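Welcome! Let us take a friendly tour of a protein chain, one part at a time. Have the sequence and the model open as you read.

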Amino acid sequence: MKDADAIVFVVDDDSSVREAIKSLIRLVGIRVETFGSAQEFLRSKRPEVPGCVVLDVELPGLSGLDLQRELAAHGIKLPIIFITGYGDIPMSVRAMKAGALEFLTKPFRDRDLLDAIQQALERDRAARRHSREIAELREHFDALTSREREVMSLVVAGWLNKQIGFELGISEITVKIHRGRVMNKMGAQSLAELVRMTERLELPTAKDQSTKTR
């Protein structure tokens, strides 16, 4: 389970619990940082690597649930594993509905915590990879001219070159040139790939003109 490029943040006001969890996580080769309160965690600088939070529900000042809301409000999407000294079904339901990955009741098995951490790190790694890919696609899209974006929108809607030319008042040859530039700038190898890129960027597309002559 070694994961040197990842980090686990442990937030618990009980120092003995913090140290026990810290030792367990370090034992499997993962970097870990501990905090005694939600406020202390919020003030910390977090490296841009895959991570997760092992968070006690009952904390002085801001509670674990308060911290969960605070992180969400600031767009911080670290997966959260809640730990608590007592079972509270309504509380666990609220935490899970708000996006918590797991809710463990103390004393929990080491394996249960480690399994949850591994799942959380995998989720955060996938989310970061997705964000990088979307940012790269957005950069490619931003490099398109306004005309190229118009052509792209009609192409992914299924319009033929002659239809696009008629709609935009340009020749079919010019449409082909713009279309080629779109494919090149976006790095798309096929129309299907270009359509998937548009969907991932959640771009608006022209309505399919099924009544036009094909």
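## The cores

Which residues have the most contacts inside the largest nonpolar core? They are Val8, Ile21, Ile25, Val54, Ile81, Leu113 and Ile117, in a core of 22 residues. A nonpolar core here is a set of buried Ala, Val, Leu, Ile, Met, Phe, Trp, Tyr and Cys residues joined through side-chain atoms within 4.5 Å. Buried means under 20% relative accessible area, exposed means over 50%, and partly exposed lies in between, using a 1.4 Å probe and protein chains only. Two or more residues of this core come from each of β1 (3-11), α1 (15-27), β2 (30-35), β3, β4 (80-84) and α5. The biggest share, six residues, is given by α5.

Take Ile25 as an example: leaving aside neighbours within four places in sequence, Ile25 is in contact with Val8, Val10, Ile30, Arg31, Val32 and Ile117. Contact means heavy atoms within 4.5 Å. Apart from this core lies another, of 21 residues, including Leu137, Phe141, Val175 and Leu194.

## How the model is read

This is a predicted model, in which local features need pLDDT of at least 70 and side-chain atom pairs count only at pLDDT 80 or more, while totals for chains, interfaces and linings use all residues. Residues are numbered from 1 along each chain as its sequence is written, and side-chain values use heavy atoms, leaving out hydrogens and water.

## The whole chain

The chain has nine helices and five strands. Helices (H or I, at least four residues) and strands (E, at least two) are DSSP runs, numbered from the N terminus. Along the sequence they follow the pattern β-α-β-α-β-α-β-α-β-α-α-α-α-α.

Of the 214 residues, 40% count as buried. Among contacts with a separation of 6 or more, 65% join residues 24 or more positions apart.

Which residues of helix α6 (residues 146-156) are buried? They are Glu148, Val151, Met152, Ser153, Leu154, Val155 and Val156. Their cover includes α5, α7 (161-168), α8 (172-186) and α9. Just after α6, Gly158 has a positive phi of about 95°.

Two packed helices are described by the angle between their axes and the distance between the axes. For α6 and α7, the angle is about 135° and the axes are 10 Å apart. Axes are lines fitted to C-alpha atoms, for helices over the stretch in contact, and angles run from 0 to 180 degrees between N-to-C directions. That angle makes α6 oblique to α7; angles under 35 degrees count as roughly parallel, over 145 as roughly antiparallel, 65 to 115 as roughly perpendicular and the rest as oblique. The contact is made by Arg147, Glu150, Val151, Leu154 and Val155 of α6 with Ile164, Glu167 and Leu168 of α7.

## A buried aspartate

Leaving aside neighbours within four places in sequence, Asp56 is in contact with Val11, Asp12, Asp13, Gly64, Ile83, Thr84 and Lys106.

## Two backbone details

Most residues other than glycine have a negative phi, and most peptide bonds are trans. The peptide bond from Lys106 to Pro107 is cis, with omega near -5°, and Pro107 sits in the loop between β5 (102-105) and α5 (110-142).

Glu202 is a residue other than glycine with a positive phi, near 55°. Glu202 belongs to the segment after α9 (191-201), and it counts as exposed because its relative accessibility is 70%.
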